[in-house]
Amino acid sequence: MINLIKPLMPNATIGIVGGGQLGRMMAMSAKEMGFRVGVLDPTANCPTAQVADWHIVAAYDDVFALEEMARRADVITYEFENVSVEALNSILPYSHIPQGTDLLAITQDRLLEKSFLEANNIVIAPYATIISPTDIQDAIDSIGYPCVLKTTRGGYDGKGQHVLYSTADLAPSMNLLREGTCELEAWIPFEKELSILVAGNGETFTTFPVVENIHRNNILHQTIAPARIDPEVAEEAKRIAHIIAKALDLQGVLAIEMFLTKSGGLYVNELAPRPHNSGHYSIEACSMSQFDAHIRGICGWPLPEVSLLSPAVMVNVLGDELTETYELIATKPAWQFHYYGKEEAKTGRKMGHITVLTEDIAETTEEIYQTNIWD
């Protein structure tokens, strides 16, 4: 990976590929630091475009549009992993993409990601590659039930995967194989789902607190910071994060999702090469937000150690919860409301989030529950 010769200074332009809420919050951090911001996204008035200086309306794999962004931006970043690696590679000769495309390629393919983690001695769930239906039984004989069949590409928020508890679940899972090569993964009997953010500028790395994640219908519902875990587990998570960041010469933010077992074991489940939903609490609760860290990292700025200023609970606002949360604005003055500016509220679509700084996590989670919005 090529590092910047010197840090990028304010008034330079950052181009963001992807116009969702992560790009929006990246852009807001970049603007506060004095940068100009452009976005490439196919949707007019997308969340990032609402706060950016300019918007190229084009598909993420439109090479001509990416070339235009390369001409107009001093540095290019991406806000999600489904950007075309081939398209970005085509503009590498005349653009600077600090995150690089190797990281993107690794995190776009579950098998490549697992191979990378294994090569760095990171503990992951046992798995097998499934190319055809005949491979599944042999893999199950080795891995056992329950297990999870996952597509190798394109899955998020629980999409592209099917849990197998017995032979009765085999037939319905076959639809995934029609999408291409899959992987069969052992089900880890976890006690908690955790994540940690690590930020790098290519030379130095810093981690955020380990947080605890609660999912509903495979979509992140709530993040608790810090995670209610033993200090030894938190230290091990940080150690894993630094190993991964150094192996990647990381620039920008990387999220690492993990399973914690009852015995205290940690299994890395997934990597995300960008800021992450579970890091939104950092805007109010940390000495530096994940979005500030990402902009600093891709621009070659130094990265300080991150400290937690206050425990916090973050809850996602989905499309079917949106209007009800508006009613809380008048009654919850201490809550921090963030809305993403999406034009259409769909069931299951992330429309915003709320962060509550607290000294009593249990009391705050009960207060959130008592609103009757998140039943």
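How accessible is Glu236, and does Glu236 count as buried, partly exposed or exposed? Glu236 has 28% relative accessibility and counts as partly exposed. Buried means under 20% relative accessible area, exposed over 50%, partly exposed in between (1.4 Å probe, protein chains only). The model is predicted: local features need pLDDT of at least 70, side-chain atom pairs count only at pLDDT 80 or more, and totals for chains, interfaces and linings use all residues. Residues are numbered from 1 along each chain as its sequence is written, and side-chain values use heavy atoms, with hydrogens and water left out.

View 1. Arg239 and Glu236 pair through their side chains at 2.9 Å, N to O. A salt bridge here is a side-chain nitrogen of Lys or Arg within 4 Å of a carboxyl oxygen of Asp or Glu. Arg239 is partly exposed, at 43% relative accessible area. Helices (H or I, at least four residues) and strands (E, at least two) are DSSP runs, numbered from the N terminus.

**View 2. Glu212 and its partners Lys192 and Arg228.** The Lys192–Glu212 salt bridge spans 3.2 Å, N to O. Lys192 belongs to strand β9 (residues 190–201) and Glu212 to strand β11 (residues 211–216). That pair links distant parts of the chain, 20 residues apart. Lys192 and Glu212 are both buried; for Glu212 the relative accessible area is 5%. Arg228 also forms a salt bridge with Glu212, the closest N and O atoms being 2.8 Å apart. Arg228 lies in the loop between β12 (219–225) and α8 (231–248), so its pairing with Glu212 in β11 ties together parts 16 residues apart in sequence. Arg228 is partly exposed, at 45% relative accessibility.

**View 3. A negative surface patch around Glu324.** Asp320, Glu324, Glu327 and Asp375 form the patch. Patch residues have over 30% relative accessible area and no salt bridge; like charges are joined within 9 Å, nonpolar side chains (Val, Leu, Ile, Met, Phe, Trp, Tyr) within 5 Å. Glu324 is in helix α11 (residues 322–326). Its relative accessible area is 35%, partly exposed.

**View 4. Domain layout of the protein chain.** The chain divides into domain 1 (11–96), domain 2 (125–184) and domain 3 (188–369). These bounds come from an automatic or database domain assignment. The C-alpha centres of domain 1 and domain 2 lie 35 Å apart. The structure holds 12 salt bridges.

Key. Accessible areas come from the Shrake-Rupley method with a 1.4 Å probe; for residues, only the protein chains shown count as cover. Lys and Arg count as positive and Asp and Glu as negative; His and the chain ends are not counted. The place of a charge is taken as NZ of Lys, CZ of Arg, CG of Asp or CD of Glu.
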